[in-house]
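User: I am new to reading protein models. Can you take me through one, feature by feature?

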Amino acid sequence: YAPGLDGAYVRSWPDFEISRRMGGRSGLVRLMRAAHRMGYRIMPYMNITLCNKQSSVYESLRKYRARVPNGEFLVRSWDWDRDGAVDMWPTIYLNPGHAGYRKFLVKHVAGLIDEFGFDGIFMDQTCVFHNDPTADNVEGMAEFFEAMHERYPEVLCAGEGQGDYLA
């Protein structure tokens, strides 16, 4: 996790905010150029299923929310410090099995690769299986990675845990 990028777990995702302390978007471009000159490769953390409800694209993506078998929306939260209070920012789970969301995600991630020159992408939550009756999220993840490999054969694509095989 790059300090100043967006905090742990890219809280504003799918917005990709870079703090002013880091120099904003132009600061990240400068960092990428310097890292490449020194031989480093950069793979940012992104998320294949989460969407912050305060994101600029939330309203257009909410129709792709993941559901559980009875049709209700999937809801999860975390208590990172184990104090009994949920520490999660306001998010929803999206299902990459939905072609519309997958199309958005490929275009969005491709735009970030083009803008910043990332050498790889790490997509969190590829180990999450949603038993969603509306779309197959595992197949959707595989199709996302296939599209990324086709478009950027030189960019390393990775996922979390046992879902890494999808990448």
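Analyst: Start with helices and strands. Both are DSSP runs, numbered from the N terminus: helices are H or I with at least four residues, strands are E with at least two. Glu-150, for example, lies in helix α4, residues 137–151. This is a predicted model, where local features need pLDDT of at least 70, side-chain atom pairs count only at pLDDT 80 or more, and totals for chains, interfaces and linings use all residues. Residues are numbered from 1 along each chain as its sequence is written, and side-chain values use heavy atoms, leaving out hydrogens and water.

User: How many helices and strands does the chain have?

Analyst: The chain has 4 helices and 5 strands. Along the sequence they follow the pattern α-β-β-α-β-α-β-α-β.

User: Is Glu-150 buried or exposed?

Analyst: Buried means under 20% relative accessible area, exposed over 50%, and partly exposed in between (1.4 Å probe, protein chains only). Glu-150 has a relative accessible area of 70%, so Glu-150 is exposed. Ala-66 is buried, at 1%. Across the chain, buried residues make up 48% of the 167 residues.

User: Where does Ala-66 lie, and which residues is Ala-66 in contact with?

Analyst: Ala-66 lies in the loop between α2 (58–61) and β3 (91–93). Contact means heavy atoms within 4.5 Å. Leaving aside neighbours within four places in sequence, the contacts of Ala-66 include Phe-73, Tyr-93 and His-130. The C-alpha atoms of Ala-66 and Asp-136 are separated by 9.8 Å, with the two residues 70 apart along the chain.

User: Now salt bridges. How many are there?

Analyst: A salt bridge is a side-chain nitrogen of Lys or Arg within 4 Å of a carboxyl oxygen of Asp or Glu. The count comes to 3 salt bridges. One joins Glu-115 and Arg-25, at 2.8 Å from N to O. That pair links distant parts of the chain: Glu-115 is in helix α3 (residues 99–116), Arg-25 in helix α1 (residues 24–37), 90 residues apart. Glu-59 and Arg-62 also meet in a salt bridge, at 3.5 Å.

User: What does Arg-102 form a salt bridge with?

Analyst: Arg-102 pairs with Glu-143, the closest N and O atoms being 2.8 Å apart. Arg-102 lies in helix α3 and Glu-143 in helix α4, so the pair ties together parts that are 41 residues apart in sequence. Arg-102 is buried, at 13% relative accessible area. Glu-143 is partly exposed, at 29%.
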